[in-house]
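Me: I have a structure open and want to go through its side chains. Can you take some quick questions?

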Amino acid sequence: EQESEDDIHSSRSSLDRQSHHRANTTVHVCWYRNTSVSMADHSAAVENQLSGYLLRKFKNSNGWQKLWVVFTNFCLFFYKTHQDDYPLASLPLLGYTVSCPVEADGIQKDFVFKLQFKSHVYFFRAESKYTFER
């Protein structure tokens, strides 16, 4: 089946827009957070992709929500289960620091790590030492 000139142009522009949008995500976060990514960082990010279940702490409560989390391209993507096609949310990690909670955080659980960028703080809990270390 042959494509008309308009169909080819329309398909190409649609693909260009999609690629442009994806490529702009990291660039936008870098600009907004006043940071940059080296080629070495980018190469390491491509080679280090993880997925698995984590528990996310709810703000101002003792509750934890179990989520399937995918770490890729400097970003965490959150899904309800590993079978979901689309994420519930995403968290670009450029500029965030990773640490263990301090006593003042009031977290009394094992295998918890803290992600923080300025006043944005998130706590995640792994279900095992192995997952926590990954």
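Me: Leaving out residues up to four places away in sequence, what does Arg-125 touch?
Reply: This is a predicted model. In it, Arg-125 touches Leu-54, Leu-55, Trp-64, Lys-109, Asp-110, Phe-111 and Val-112, with residues up to four places away in sequence not counted.

Me: Where is Arg-125 placed?
Reply: Arg-125 is in strand S7, which covers residues 120–125.

Me: Which side chain of opposite charge is nearest to Arg-125, and how far away?
Reply: That is Glu-127, 7.5 Å away. A salt bridge needs a distance within 4 Å, so Arg-125 has none, although it is buried.

Me: Which ring does the charged end of Arg-125 sit over?
Reply: The ring of Trp-64, with 4.8 Å to the ring centre. Trp-64 is also among the residues that Arg-125 touches.

Me: Which ring has the charged end of Lys-66 over it?
Reply: The ring of Tyr-53, whose centre is 4.8 Å from that charged end.

Me: Now Lys-57. Buried or exposed?
Reply: Buried, and without a salt bridge. The nearest side chain of opposite charge is Asp-105, at 9.8 Å. Lys-57 is found in strand S1.

Me: What is Lys-57 in contact with, leaving aside neighbours within four places in sequence?
Reply: Asn-62, Gly-63, Trp-64, Ile-107 and Phe-123.

Me: Changing topic: how many aromatic pairs are there?
Reply: Six. One of them is Tyr-53 with Trp-68, with ring centres 4.9 Å apart.

Me: Why is the Tyr-53 and Trp-68 pair edge-to-face?
Reply: Because their planes are at 75 degrees, and planes over 60 degrees apart count as edge-to-face. The pair links distant parts of the chain: Tyr-53 is in strand S1 (residues 50–57) and Trp-68 in strand S2 (residues 64–72), 15 residues apart.

Me: What is the relative accessible area of Tyr-53?
Reply: 25%, so Tyr-53 is partly exposed. Trp-68 has 18% relative accessibility and counts as buried, because the limit for buried is under 20%.

Me: What about Tyr-96 and Phe-117, what kind of pair do they form?
Reply: A tilted one, with 5.6 Å from centre to centre and 35 degrees between the planes. Tyr-96 lies in the loop between strand S4 (89–92) and strand S5 (97–99), while Phe-117 is in strand S6 (residues 112–117), so the pair ties together parts 21 residues apart in sequence.

Me: Is Tyr-96 buried or exposed?
Reply: Buried, at a relative accessible area of 12%. Phe-117 is buried too, at 14%.

Me: How far is the C-alpha atom of Tyr-96 from that of Val-121?
Reply: 9.2 Å, and the two residues are 25 residues apart along the chain.

Me: Which residues do ring pairs link into a cluster?
Reply: Phe-78, Phe-113 and Phe-124.

Me: On to the largest nonpolar core. Which of its residues touch the most other members?
Reply: Leu-76, Phe-78, Leu-91 and Leu-115, out of 13 residues in that core. S2, strand S3 (75–79) and S6 each supply at least two residues, and S6 gives the most, with three.

Me: And what is Leu-76 in contact with, neighbours within four places in sequence aside?
Reply: Val-69, Val-70, Phe-71, Ala-89, Ser-90, Leu-91, Leu-93 and Leu-115.

Notes. Residues numbered from 1 in each chain as written. Predicted model: local features only at pLDDT ≥ 70, side-chain atom pairs only at ≥ 80, totals over all residues. Heavy atoms only, no water. Helix = DSSP H or I, 4+ residues; strand = E, 2+ residues; numbered from the N terminus. Buried < 20%, exposed > 50% of the residue type's maximum accessible area, 1.4 Å probe, protein only. Lys, Arg positive; Asp, Glu negative; His and termini not counted. Contact = heavy atoms within 4.5 Å. Phe/Tyr/Trp six-rings, centres within 6.5 Å; stacked < 30°, edge-to-face > 60°. Lys NZ or Arg CZ within 6 Å of the ring centre and 35° of its normal. Core = buried A, V, L, I, M, F, W, Y, C linked by side-chain atoms within 4.5 Å.
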